[in-house]
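Dear colleague,

I am passing on a structure for you to look at, and my notes on its side chains follow below it.

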Amino acid sequence: MGATGAGKSKLSIDLSAMFSGEVVNSDKIQVYRGLDITTSKIPVVERSGVPHQLIGELDPATVELSPAGFHSLAGCAAIDTTACRRVPVPVGGSNSFMHALLLERYDSRPIRLARTGSRSQG
């Protein structure tokens, strides 16, 4: 996970090649087809033969994918990948999608962070 241009795609391909993995896209725009240039989707020829899940699969005119919907789709992609004895490698810049993927059960309520300890005033 990280900012655009940070090298996430290259790293995910390298890791997938090293560990017999498949990339699971976790970018909320790259999941849509037809937005290749706008989203800097890595071209198929640059994927080094590494399978990519959830890239360009949805029609942006008919579907708006929520984090909860992504949780379901990406969970299925990860299960399919592991069933083939491959390692799912989630990659993308969408914090809400990555967060949704990593939870056992996604809850759409806002995350509240609790402070622990005390802050000294000095």
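The charged end of Lys28 is placed over the ring of Phe97, at 5.8 Å from the ring centre, where a charge sits over a ring if NZ of Lys or CZ of Arg is within 6 Å of the ring centre and within 35 degrees of the ring normal. This is a predicted model, in which local features need pLDDT of at least 70 and side-chain atom pairs count only at pLDDT 80 or more, while totals for chains, interfaces and linings use all residues. Residues are numbered from 1 along each chain as its sequence is written, and side-chain values use heavy atoms, with hydrogens and water left out.

The structure has 1 aromatic pair (ring centres of Phe, Tyr or Trp, the last by its six-membered ring, within 6.5 Å; stacked under 30 degrees between planes, edge-to-face over 60, tilted for the rest). Phe70 and Phe97 form this pair, which is stacked, with 4.3 Å centre to centre and 10° between the planes. Because Phe70 belongs to helix α3 (residues 67–83) and Phe97 to helix α4 (residues 95–102), the pair ties together parts 27 residues apart in sequence; helices here are DSSP runs of H or I with at least four residues, numbered from the N terminus. Phe70 counts as buried at 1% relative accessibility, and Phe97 is likewise buried, with a relative accessible area of 1% (buried is under 20%, exposed over 50%, partly exposed in between, with a 1.4 Å probe and protein chains only).

Both Phe70 and Phe97 are among the 11 residues of the largest nonpolar core, a core being a set of buried Ala, Val, Leu, Ile, Met, Phe, Trp, Tyr and Cys residues joined through side-chain atoms within 4.5 Å. Helix α3 gives the most to this core, with 3 residues.

Best regards

Technical notes. Helices (H or I, at least four residues) and strands (E, at least two) are DSSP runs, numbered from the N terminus.
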